[in-house]
Amino acid sequence: MNKLLVVATGNPGKLKEMQAYLADSGWELALKPEDLDVEETGETFAENACLKASEIAKATGNWAIADDSGLKVDTLNGAPGVYSARYGNTDTERIERLLRELGDQENRQAQFVCAIAVANPQGEIVIQSEGICHGEILFAPSGDGGFGYDPVFYVPDKQLTFAQMTTDLKKSISHRGNALKALVPQLIKVVN
(Lines give C-alpha, C1' and ligand atoms only; values in the text may rest on other atoms or scores of the structure.)
Protein backbone atom coordinates (compact mmCIF):
# COMPACT_ATOMS: atom_id res chain seq x y z
CA MET A 1 0.00 0.00 0.00
CA ASN A 2 1.44 3.35 -1.05
CA LYS A 3 1.66 6.28 1.34
CA LEU A 4 0.00 9.55 0.33
CA LEU A 5 2.23 12.50 -0.47
CA VAL A 6 0.44 15.80 -1.12
CA VAL A 7 2.24 17.92 -3.71
CA ALA A 8 2.09 21.60 -2.77
CA THR A 9 1.03 22.77 -6.21
CA GLY A 10 -2.11 23.35 -8.21
CA ASN A 11 -0.16 22.63 -11.41
CA PRO A 12 -1.07 19.20 -12.88
CA GLY A 13 2.05 19.40 -15.10
CA LYS A 14 4.33 19.61 -12.08
CA LEU A 15 2.45 16.72 -10.43
CA LYS A 16 2.94 14.59 -13.56
CA GLU A 17 6.66 15.44 -13.67
CA MET A 18 7.11 14.44 -10.01
CA GLN A 19 5.11 11.22 -10.51
CA ALA A 20 7.54 10.16 -13.22
CA TYR A 21 10.45 10.34 -10.74
CA LEU A 22 8.62 8.85 -7.79
CA ALA A 23 6.80 6.06 -9.68
CA ASP A 24 8.59 3.24 -7.84
CA SER A 25 9.12 5.00 -4.51
CA GLY A 26 6.10 3.62 -2.63
CA TRP A 27 4.37 7.03 -2.56
CA GLU A 28 1.08 8.02 -4.16
CA LEU A 29 1.02 11.68 -5.17
CA ALA A 30 -1.98 14.01 -5.04
CA LEU A 31 -2.45 17.72 -5.78
CA LYS A 32 -3.04 20.02 -2.81
CA PRO A 33 -6.63 21.18 -2.23
CA GLU A 34 -7.42 24.04 -4.64
CA ASP A 35 -8.44 26.50 -1.92
CA LEU A 36 -5.21 25.98 0.03
CA ASP A 37 -2.57 28.54 -0.86
CA VAL A 38 0.69 29.35 0.87
CA GLU A 39 2.28 32.75 0.37
CA GLU A 40 5.91 32.45 -0.68
CA THR A 41 7.60 34.89 1.68
CA GLY A 42 11.02 33.20 1.80
CA GLU A 43 14.14 34.89 0.47
CA THR A 44 15.54 31.66 -1.00
CA PHE A 45 14.14 28.74 -2.97
CA ALA A 46 14.81 26.44 0.01
CA GLU A 47 12.90 28.71 2.43
CA ASN A 48 9.88 28.81 0.12
CA ALA A 49 9.91 25.02 -0.42
CA CYS A 50 10.06 24.41 3.34
CA LEU A 51 7.31 26.93 4.02
CA LYS A 52 4.96 25.36 1.45
CA ALA A 53 5.65 21.74 2.48
CA SER A 54 5.18 22.51 6.17
CA GLU A 55 1.95 24.49 5.75
CA ILE A 56 0.35 21.98 3.33
CA ALA A 57 1.29 19.06 5.63
CA LYS A 58 -0.24 20.74 8.68
CA ALA A 59 -3.38 21.79 6.78
CA THR A 60 -4.02 18.33 5.25
CA GLY A 61 -2.64 16.09 8.00
CA ASN A 62 -0.61 14.24 5.36
CA TRP A 63 2.99 14.06 4.24
CA ALA A 64 3.67 16.92 1.81
CA ILE A 65 6.30 17.73 -0.77
CA ALA A 66 6.99 21.17 -2.18
CA ASP A 67 9.48 22.64 -4.53
CA ASP A 68 10.46 26.15 -5.38
CA SER A 69 12.49 26.81 -8.43
CA GLY A 70 13.50 29.56 -10.73
CA LEU A 71 16.06 31.10 -12.95
CA LYS A 72 19.13 32.94 -11.71
CA VAL A 73 21.02 35.05 -14.25
CA ASP A 74 24.60 35.98 -13.30
CA THR A 75 24.69 39.42 -14.97
CA LEU A 76 21.36 40.34 -13.31
CA ASN A 77 22.78 39.57 -9.83
CA GLY A 78 20.74 36.38 -9.60
CA ALA A 79 17.46 37.88 -10.85
CA PRO A 80 14.73 36.92 -11.44
CA GLY A 81 15.50 34.36 -8.68
CA VAL A 82 12.65 33.68 -6.26
CA TYR A 83 10.55 36.13 -8.30
CA SER A 84 10.87 34.05 -11.51
CA ALA A 85 7.15 33.25 -11.67
CA ARG A 86 6.19 36.83 -10.82
CA TYR A 87 8.50 38.50 -13.38
CA GLY A 88 5.47 39.04 -15.64
CA ASN A 89 1.88 37.85 -16.01
CA THR A 90 2.55 35.25 -18.70
CA ASP A 91 5.50 33.15 -19.88
CA THR A 92 5.81 35.44 -22.90
CA GLU A 93 5.90 38.58 -20.73
CA ARG A 94 8.46 37.03 -18.39
CA ILE A 95 10.74 36.07 -21.29
CA GLU A 96 10.36 39.50 -22.92
CA ARG A 97 11.27 41.25 -19.66
CA LEU A 98 14.29 38.99 -19.13
CA LEU A 99 15.58 39.60 -22.67
CA ARG A 100 14.96 43.34 -22.35
CA GLU A 101 16.89 43.52 -19.06
CA LEU A 102 19.77 41.49 -20.48
CA GLY A 103 19.88 43.63 -23.61
CA ASP A 104 23.05 42.93 -25.59
CA GLN A 105 25.05 41.73 -22.57
CA GLU A 106 27.64 39.18 -23.63
CA ASN A 107 27.72 37.29 -20.31
CA ARG A 108 24.46 35.35 -20.43
CA GLN A 109 25.40 32.63 -17.92
CA ALA A 110 22.45 31.41 -15.90
CA GLN A 111 21.23 28.46 -13.90
CA PHE A 112 17.91 26.95 -13.06
CA VAL A 113 17.74 26.08 -9.36
CA CYS A 114 15.22 23.79 -7.67
CA ALA A 115 14.87 23.25 -3.93
CA ILE A 116 12.59 20.49 -2.65
CA ALA A 117 11.34 19.91 0.88
CA VAL A 118 9.28 17.11 2.40
CA ALA A 119 7.31 17.59 5.62
CA ASN A 120 5.76 14.97 7.85
CA PRO A 121 2.06 15.32 8.83
CA GLN A 122 3.06 17.51 11.81
CA GLY A 123 4.68 19.99 9.41
CA GLU A 124 8.29 19.18 10.35
CA ILE A 125 10.74 19.28 7.44
CA VAL A 126 12.37 15.84 7.28
CA ILE A 127 14.04 15.85 3.83
CA GLN A 128 15.55 18.59 1.67
CA SER A 129 17.39 18.51 -1.63
CA GLU A 130 18.57 20.94 -4.27
CA GLY A 131 19.32 20.61 -7.96
CA ILE A 132 21.02 22.99 -10.38
CA CYS A 133 21.27 23.04 -14.17
CA HIS A 134 23.77 25.46 -15.74
CA GLY A 135 23.17 27.11 -19.07
CA GLU A 136 22.91 30.47 -20.78
CA ILE A 137 20.18 32.78 -21.99
CA LEU A 138 19.69 33.08 -25.74
CA PHE A 139 18.94 36.40 -27.48
CA ALA A 140 15.60 35.03 -28.75
CA PRO A 141 13.32 32.09 -27.88
CA SER A 142 13.92 28.77 -29.65
CA GLY A 143 11.77 25.64 -29.46
CA ASP A 144 8.14 25.10 -28.56
CA GLY A 145 8.24 22.51 -25.78
CA GLY A 146 8.38 23.02 -22.03
CA PHE A 147 7.11 26.07 -20.19
CA GLY A 148 8.33 29.21 -18.46
CA TYR A 149 11.82 30.27 -19.51
CA ASP A 150 12.52 26.98 -21.36
CA PRO A 151 12.64 28.59 -24.86
CA VAL A 152 15.52 30.92 -23.89
CA PHE A 153 17.44 28.59 -21.53
CA TYR A 154 20.20 27.00 -23.64
CA VAL A 155 22.34 24.10 -22.40
CA PRO A 156 25.68 24.25 -24.28
CA ASP A 157 26.56 20.58 -23.57
CA LYS A 158 23.40 19.47 -25.39
CA GLN A 159 23.30 22.35 -27.90
CA LEU A 160 19.56 22.69 -27.21
CA THR A 161 17.21 24.87 -25.22
CA PHE A 162 14.98 23.19 -22.63
CA ALA A 163 12.12 23.88 -25.09
CA GLN A 164 13.90 21.89 -27.83
CA MET A 165 14.67 18.84 -25.69
CA THR A 166 12.69 15.64 -25.49
CA THR A 167 10.92 15.17 -22.17
CA ASP A 168 13.34 12.37 -21.24
CA LEU A 169 16.44 14.42 -22.02
CA LYS A 170 15.18 17.44 -20.07
CA LYS A 171 14.23 15.16 -17.16
CA SER A 172 17.72 13.66 -17.09
CA ILE A 173 19.58 16.99 -16.78
CA SER A 174 17.11 19.53 -15.36
CA HIS A 175 17.35 21.24 -11.99
CA ARG A 176 14.11 19.58 -10.84
CA GLY A 177 15.35 16.22 -12.13
CA ASN A 178 18.63 16.58 -10.22
CA ALA A 179 16.81 17.58 -7.01
CA LEU A 180 14.33 14.69 -7.32
CA LYS A 181 17.10 12.17 -8.04
CA ALA A 182 18.79 13.21 -4.78
CA LEU A 183 15.47 13.03 -2.94
CA VAL A 184 14.13 9.61 -4.04
CA PRO A 185 16.47 7.40 -1.96
CA GLN A 186 15.60 9.41 1.17
CA LEU A 187 11.86 9.18 0.43
CA ILE A 188 12.06 5.41 -0.04
CA LYS A 189 13.70 5.08 3.41
CA VAL A 190 10.74 6.92 4.97
CA VAL A 191 8.23 4.48 3.46
CA ASN A 192 10.11 1.38 4.62
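How many aromatic pairs does the count come to? The count comes to four, where rings of Phe, Tyr and Trp (its six-membered ring) pair if their centres lie within 6.5 Å. One of these pairs is Phe112 with Phe162, and this pair is stacked. Planes under 30 degrees apart count as stacked, over 60 as edge-to-face, and the rest as tilted. For Phe112 and Phe162, the centres are 5.5 Å apart and the planes make 5°.

A word on the source. This is a predicted model, in which local features need pLDDT of at least 70, side-chain atom pairs count only at pLDDT 80 or more, and totals for chains, interfaces and linings use all residues. Residues are numbered from 1 along each chain as its sequence is written, and side-chain values use heavy atoms, with hydrogens and water left out.

Phe112 sits in strand E4, while Phe162 sits in the loop between E7 and helix H4 (167-173). They are 50 residues apart, so the pair links distant parts of the chain. Helices (H or I, at least four residues) and strands (E, at least two) are DSSP runs, numbered from the N terminus. Phe112 is buried, at 5% relative accessible area. Phe162 is buried too, at 1%. Buried means under 20% relative accessible area, exposed over 50%, and partly exposed in between (1.4 Å probe, protein chains only).

Strands of a sheet pair through backbone hydrogen bonds, either parallel or antiparallel. Here seven strands form an open sheet with mixed pairing, in the order E2-E1-E3-E4-E5-E6-E7. The edge strands are E2 (27-31) and E7 (160-161), each pairing on one side only. Two strands pair if DSSP finds at least two bridges between them. Helix H2 (residues 45-60) packs on the sheet and touches E1 (3-7), E3 (63-73), E4 and E5. Contact means heavy atoms within 4.5 Å. The direction of H2 makes about 160° with that of E3. Axes are lines fitted to C-alpha atoms, for helices over the stretch in contact, and angles run from 0 to 180 degrees between N-to-C directions.

Look next at E4 (residues 109-119) and E5 (residues 125-137). They run antiparallel and are joined by eleven bridges. Ala115 has Glu130 in E5 as its bridge partner, and Gln111 stands opposite His134 in E5. Five residues lie between the strands of this hairpin, where Gly123 takes a positive phi near 90°. E5 also runs antiparallel to E6 (residues 153-155), with two bridges. Here Glu136 has Tyr154 in E6 as its bridge partner.

Turn to helix H1 (residues 12-22). Its buried residues are Lys14, Leu15, Glu17, Met18, Tyr21 and Leu22. They lie on the same side of H1 because they cover an arc of only 165° around the axis. The arc is that of the directions from the helix axis to the C-beta atoms. The face turned away from the buried side carries the exposed residues Pro12 and Lys16.

Last, the cysteines. How many disulfides does a search of the whole structure find? It finds zero. A disulfide is a pair of cysteine sulfur atoms within 2.5 Å. The sulfur of Cys50 is 12 Å from the closest cysteine sulfur, in Cys114, so a bond is ruled out as too far. For Cys133 the closest cysteine sulfur is also in Cys114, at 11 Å, again too far for a bond. Cys50 is buried at 16% relative accessible area, and Cys133 is buried at 5%.
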